[in-house]
Amino acid sequence: MRYSTTMTGGFFERWFEGILLPVFPKDAVIVMNNASFHRKKQLDEIAGNNTAHCADIVWPESEKDKENNSKGL
């Protein structure tokens, strides 16, 4: 797929649920970057609620996560 305009969270989520997830096996692991339209909460919900494809999404560690991990939180 080629998309040549500004990407939105809603468009990406519809593509993720309707196009991407159906072609992945049930035990797939999807690695995402932290693009602004990759809305973590919504995509985690889509992946978790999809009974046909229960993919796990791996997200990059944020600076806040790194700080909390270094403090043992």
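Predicted model: local features only at pLDDT ≥ 70, side-chain atom pairs only at ≥ 80, totals over all residues.
**Overall fold**

The chain contains three helices and two strands. Read from the N terminus, these elements follow the order α-β-α-β-α. Of its 73 residues, 25% count as buried. The accessible surface of the chain is about 5,400 Å², and carbon and sulfur atoms account for 51% of that area. Among contacts in the chain with a separation of 6 or more, 68% are between residues 24 or more positions apart.

**Nonpolar core**

The largest nonpolar core has nine residues: Phe-12, Phe-16, Leu-20, Leu-21, Ile-30, Met-32, Leu-43, Ile-46 and Ala-47. Helix H1 and helix H2 (40–49) each supply at least two residues of this core.

**Aromatic residues**

Three aromatic pairs are found in a search of the whole structure. Two of them, both involving Phe-12, are listed here.

| Pair | Centre to centre | Angle between planes | Class |
|---|---|---|---|
| Phe-12 and Trp-15 | 5.4 Å | 45° | tilted |
| Phe-12 and Phe-37 | 5.5 Å | 55° | tilted |

Phe-12 and Trp-15 both lie in helix H1, and because they are three residues apart there, about one helical turn separates them.

Phe-12 has 8% relative accessibility and so counts as buried. Trp-15, at 21%, counts as partly exposed, and Phe-37, at 23%, is also partly exposed. The cut-off for buried is under 20% relative accessible area. Together with Phe-16, these residues form one aromatic cluster of Phe-12, Trp-15, Phe-16 and Phe-37.

**Glu-13**

Glu-13 is located in helix H1 (residues 9–20). Its relative accessibility is 10%, so Glu-13 counts as buried. The side chain of Glu-13 makes a polar contact with the side chain of Arg-39, at 2.6 Å. Leaving out residues up to four places away in sequence, Glu-13 touches Arg-39, Gln-42, Leu-43 and Ile-46. Of these, Leu-43 and Ile-46 are also members of the largest nonpolar core.

Notes:
Residues numbered from 1 in each chain as written. Heavy atoms only, no water. Helix = DSSP H or I, 4+ residues; strand = E, 2+ residues; numbered from the N terminus. Buried < 20%, exposed > 50% of the residue type's maximum accessible area, 1.4 Å probe, protein only. Contact = heavy atoms within 4.5 Å. Areas by Shrake-Rupley, 256 points an atom, 1.4 Å probe, with all protein chains shown as cover. Polar contact = N/O pair within 3.5 Å; in protein donor to acceptor, adjacent residues only side chain to side chain. Core = buried A, V, L, I, M, F, W, Y, C linked by side-chain atoms within 4.5 Å. Phe/Tyr/Trp six-rings, centres within 6.5 Å; stacked < 30°, edge-to-face > 60°.
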